[in-house]
Amino acid sequence: MNTTFSYECLQTCKQTKARAGIFHTPHGIVETPRFMPVGTLANVKTVTPAQLKDAGAQMVLSNTYHLHLQPGEKIVAGGGGLHKFMAWDGPILTDSGGFQVFSLSEMRKITEEGVTFRSPHDGQIIKLTPERSIEIQNTLGADVIMAFDECPPYEATRQEVEAATDRTYRWLERCITAHQRPDQALFGIVQGGIYLDLRSKAAVDLTKLNLPGYAIGGVSVGEPPELMTKIVQATAPLLPANKPRYLMGVGTYREIARAIAAGVDLFDCVIPTRWARHGTAMVKGDRWNLKNAQFREDFSPLDESCPCYACQNFSRAYISHLVRSQEILAYTLLSIHNITELIRFTQRIRQAIFQGTFATEFAHWLNESESESQSEEII
Ligand SMILES: [Zn+2]
């Protein structure tokens with residue numbers, strides 16, 4: 001089982017725990033470290049697969065919870081599976097739906113069996129269990145599927161977090177039993193909240209299950225960024241060196257750079273596309289609001305050094321005009337640029353790991369304190 005998946009470490013950093021490698025999947029390789037754009041409903045909002053490929057995307061993410069509600073996994077399977085349905089022939093990862101059920105759904109009830117919640121679409125009662133999540137993900141057909149886990153909120157007590165972490169392990173065992181497709185790799189998720197000893201125990205326990213990959217979940221749920229860094233630094237090195245490591249839902253420059261320095265390989269986040277829809281460009285570590293007056297008559301590209309379609313063809317003034325007019329093309333161009341920018345950031349780090357310059361070249365992101373930069377507040 002899972003012989004089609006492997007992680008190859010090509011280079012490790014001497015100053016940090018960073019590593020550059022290749023994750024092999026049935027739909028092609030992922031050169032790590034790498035940022036993965038999020039296509040919630042089997043599309044990265046306002047961007048075509050061809051544009052996504054040009055932006056440098058290799059693996060993309062899609063959300064089981066959203067696809068289960070609309071259009072439903074049977075329709076995706078009827079369309080030939082997720083790859084064919086969304087016309088993306090590269091690797092795809094689906095999450096388990098757990099995070100959305102715990103963070104978005106109202107009226108949910110958690111038991112040992114699973115989670116019951118009310119569909120926001122039609123009010124229907126839906127039950128999601130480890131078995132059901134895996135069944136849905138098997139039907140969708142992504143290359144990497146995620147275990148169904150319990151993600152406690154940041155405010156949860158230690159007792160609650162411990163109970164959720166233990167339950168996540170029991171649910172993972174049920175996911176492994178339920179998983180039916182050897183052409184899909186099931187990743188386990190390390191939970192444990194802000195408690196480093198719980199994180200360590202979970203990482204060690206999960207490693208014994210010899211899964212094809214591991215994720216760190218339950219971060220970026222409201223904890224201070226410094227605490228997230230500590231969690232990642234304490235957890236990532238405990239995960240097996242010969243398997244890919246994925247940090248879920250993290251996508252700012254600083255968080256990515258620091259997680260890579262801790263040994264993480266894969267990232268996903270909605271930030272590049274969500275900011276694009278707010279008229280915001282990510283440029284060399286800063287956030288630019290294109291509605292600002294300074295851009296109205298600025299005829300230079302967003303970033304002269306960026307190879308993306310938006311920067312090669314359009315000016316800041318033009319994109320500012322589109323944003324002010326709420327034209328959909330504004331969101332497409334900004335999404336293309338922001339995705340390209342974040343992927344290039346991880347590619348540049350990869351290159352620096354090969355050249356032995358990561359710790360010095362990216363020292364700005366690795367050492368800077370939170371108070372020194374206001375550029376990455378999440379909106
Ligand atoms: Zn660009």
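Alanine 42 sits in the loop between β4 and α1 (49-54). Helices here are DSSP runs of H or I with at least four residues, strands are runs of E with at least two, and both are numbered from the N terminus. This is a predicted model, in which local features need pLDDT of at least 70 and side-chain atom pairs count only at pLDDT 80 or more, while totals for chains, interfaces and linings use all residues. Residues are numbered from 1 along each chain as its sequence is written, and side-chain values use heavy atoms, with hydrogens and water left out.

Phi of alanine 42 is near 60°, a positive value in a residue other than glycine. Most residues other than glycine have a negative phi, and most peptide bonds are trans.

The bond from threonine 32 to proline 33 is cis, with omega near 0°, and proline 33 is in the loop between β3 (28-32) and β4 (34-37). The bond from glutamine 70 to proline 71 is also cis, with omega near 5°; proline 71 is in the loop between α2 (64-69) and α3 (73-78).

Next, the zinc ion. Its protein donors are Cys306 (SG), Cys308 (SG), Cys311 (SG) and His337 (ND1), at 2.1 to 2.3 Å. Donors are N, O and S atoms within 2.8 Å of the metal (3.2 Å for Na, K and Ca); water is not among the atoms, so sites may look incomplete. The four donor atoms subtend angles of 96 to 120°, so the arrangement is tetrahedral, a term that for four donors requires all angles between 85 and 135 degrees. Along the chain the spacing is C-x1-C-x2-C-x25-H. Cysteine 308 lies in the loop between β16 (286-289) and α12 (309-313), and histidine 337 in helix α14 (residues 328-355), so the pair ties together parts 29 residues apart in sequence.

Now α14 again, with its packing partner. Helix α13 (residues 316-324) and α14 pack at about 130°, with axes 7 Å apart. Axes are lines fitted to C-alpha atoms, for helices over the stretch in contact, and angles run from 0 to 180 degrees between N-to-C directions. The contact, meaning heavy atoms within 4.5 Å, is made by Tyr318, Ile319, Leu322 and Val323 of α13 and Leu329, Ala330, Leu333 and Leu334 of α14.

Helix α6 (residues 130-140) and helix α7 (residues 158-178) pack at about 40°, with axes 8 Å apart. On the α6 side the contact includes Pro130 and Glu131, and on the α7 side Trp171 and Arg174.

Definitions and conventions
Tetrahedral: all angles 85-135°; square planar, octahedral: opposite > 155°, others 65-115°.
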